[in-house]
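Here is a short note for a colleague who is new to this model.

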Amino acid sequence: MNPKISVAIITKNEAHNISRAIKSCTQFDEVVIIDSESSDNTTTIAESMGARCVIQPWPGFGEQKQTATELCSNDWVLSLDADEELTPALVERIKSLNLSDDAEAFSFKRVSFFLGKPVRFSGWQHDYVVRLFNRNRAHFSPRLVHEQIIGYKKLTKLTGSSLRHYSYQSVADVEKKVDLYSELGAKELLKIRKTNFSPWVIFMKSIFAFIRTLFIRLGIFDGLTGFKIALMNTRVTFLKYQKFNQLLKEEKNS
């Protein structure tokens, strides 16, 4: 008999997403949610669906996800974002896995949607994310953003079933995440760099982000959706380096 699996989710104002995420993983042993002081009814919805909720101030993605992992009752943890959904086929695939090796982790194919449209290219076409692991051997890196699960010795890629990702559901959602990811990216950069970027370098990095998304990563085949994603990536890049320069200036002045 396979060991039980806990599902760990971090949230902040995810009332529009959380019921879908929890509903997709009800066949697992428990759902643990770490909420970053939501101002909506995220936790009310989650608790009504049987999830265990803990409220904690936001320390960054890596630390928050690690806290959720540590609060789980079981050693095998499935990390899920609030805007994600396990398909029934993926649930059955996970339940059939041999979980005898605690050094093994599993990655899932993720199919993402942008403003309601499925994204086939734009750099998202090979999106496999590590989500199932044993917390005795693996853990989250402490990065503010672009955190990773590390420490496992073997990675198995699950094919034939997918995880659905509804990350950018409205224009307001895009704006919110452009601001968040650029800010967190700037703070991460500040940890390793102490010289600013010239306006010309920022401009060129931003243009390259557009070209990389639309042409190198084949976003052009996503049509208008790919163009919008390229513009979003351009803005994130531009704002990240602008915010970095401002943070560096404030650090030097202090």
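1. Angles under 35 degrees count as roughly parallel, over 145 as roughly antiparallel, 65 to 115 as roughly perpendicular and the rest as oblique. Helices (H or I, at least four residues) and strands (E, at least two) are DSSP runs, numbered from the N terminus.

2. The model is predicted: local features need pLDDT of at least 70, side-chain atom pairs count only at pLDDT 80 or more, and totals for chains, interfaces and linings use all residues. Residues are numbered from 1 along each chain as its sequence is written, and side-chain values use heavy atoms, without hydrogens and water.

3. Helix H6 (residues 199-216) packs on helix H7 (residues 224-253) at about 155°, with the axes 8 Å apart. Axes are lines fitted to C-alpha atoms, for helices over the stretch in contact; angles run from 0 to 180 degrees between N-to-C directions. H6 and H7 are therefore roughly antiparallel.

4. Which residues of H6 meet H7? Among them are Ile-202, Ala-209, Phe-210 and Leu-214. On the H7 side, the residues include Phe-227, Leu-231, Phe-238 and Tyr-241. Contact means heavy atoms within 4.5 Å.

5. A search of the whole structure finds one cavity of 30 Å³ or more. On a 1 Å grid over the protein atoms alone, a cavity is a set of points where a 1.4 Å probe fits but cannot get out; lining residues have an atom within 4 Å of a point. A volume is the space filled by probe spheres set on the points. The largest cavity has a volume of about 30 Å³. Its lining includes Ile-9, Ala-68, Leu-80 and Phe-140. Strand S1 (5-11) and helix H3 (61-70) each give two or more residues to that lining.

Conventions: 1 Å grid on protein atoms, 1.4 Å probe; cavity = no way out; pocket = protein on both sides within 12 Å on 5 of 7 lines; lining within 4 Å.
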